[in-house]
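Q: I'd like to learn how to read a few features of a protein model. Can we take them one at a time?

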Amino acid sequence: MEVQWRKVLKDSISEAFSTMYFMVPEEMPDLLDERGDDFKGSWFQSNLSANRDSITIKIWAWGPAELARILSANILSCEPEEVEDSDMMDAYGEMLNIVVGSVLTAIDPKGEWQMGLPDSSHVPAEDLGPAFAQAQEHLFYDLEEYPFICGWRLHRK
């Protein structure tokens with residue numbers, strides 16, 4: 001059975017953000033065209049790989065630092081101004097961990113997939129193009145007025 005990665009990832013993003021972060025992601029396919037001015041400053045990037053047999057999927061999440069601060073505050077139950085930069089990096093990785101965990105739960109009731117650990121970093125706005133190009137496919141969202149992008153690359157050996 002071929003996995004419908006786009007649908008499963010969309011469902012997992014919606015579920016994770018609404019239950020864990022109390023935010024509603026609105027899909028926005030034309031985000032890059034309509035909100036190009038929002039792509040400035042420091043961004044956060046997190047990626048995580050999962051594999052089974054000869055298949056590996058790598059999933060990325062990108063969002064501006066302001067969004068990472070809000071996500072961090074929501075998961076840490078504090079005010080955004082109380083969040084330390086180091087907490088933001090950890091919380092952003094945990095966000096992707098939650099999303100990918102939900103994806104694997106949906107596609108793998110037998111537990112055959114193995115998930116790695118998230119790797120998070122800062123990405124300056126001028127490096128976003130090459131960062132986005134790492135993924136084969138993308139989902140674009142408006143998340144409480146902030147751009148949020150999720151991408152993935154599937155590799156079969």
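Q: Where is aspartate 53 found?
A: Aspartate 53 sits in the loop between strand E2 (42–52) and strand E3 (55–64). Strands (E, at least two residues) and helices (H or I, at least four) are DSSP runs, numbered from the N terminus. Keep in mind that this is a predicted model, where local features need pLDDT of at least 70, side-chain atom pairs count only at pLDDT 80 or more, and totals for chains, interfaces and linings use all residues. Residues are numbered from 1 along each chain as its sequence is written, and side-chain values use heavy atoms, with hydrogens and water left out.

Q: What is phi of aspartate 53 near?
A: Most residues other than glycine have a negative phi. Aspartate 53 has a positive one, near 50 degrees. Phenylalanine 22 also isn't a glycine, and its phi is positive at about 55 degrees. You'll find phenylalanine 22 in the loop between H1 and strand E1 (25–27).

Q: Is aspartate 53 buried or exposed?
A: Buried means under 20% relative accessible area, exposed over 50%, and partly exposed in between (1.4 Å probe, protein chains only). Aspartate 53 is exposed because its relative accessibility is 70%. Phenylalanine 22 comes out as exposed too, at 64%.

Q: How many disulfides does the structure hold?
A: A disulfide is a pair of cysteine sulfur atoms within 2.5 Å. There are zero here. Cysteine 78 is partly exposed at 24% relative accessible area, while cysteine 150 is buried at 1%.

Q: At what angle do H1 and H4 pack?
A: Two packed helices are described by the angle between their axes and the distance between the axes. Axes are lines fitted to C-alpha atoms, for helices over the stretch in contact, and angles run from 0 to 180 degrees between N-to-C directions. Helix H1 (residues 5–20) meets H4 at about 130 degrees, with the axes 9 Å apart. So H1 is oblique to H4; angles under 35 degrees count as roughly parallel, over 145 as roughly antiparallel, 65 to 115 as roughly perpendicular and the rest as oblique.

Q: Which residues does methionine 95 touch?
A: Contact means heavy atoms within 4.5 Å. Leaving out residues up to four places away in sequence, methionine 95 touches Phe17, Tyr21, Ala61, Leu71 and Phe148. Methionine 95 belongs to helix H4 (residues 85–107), and it is buried, with a relative accessible area of 1%.
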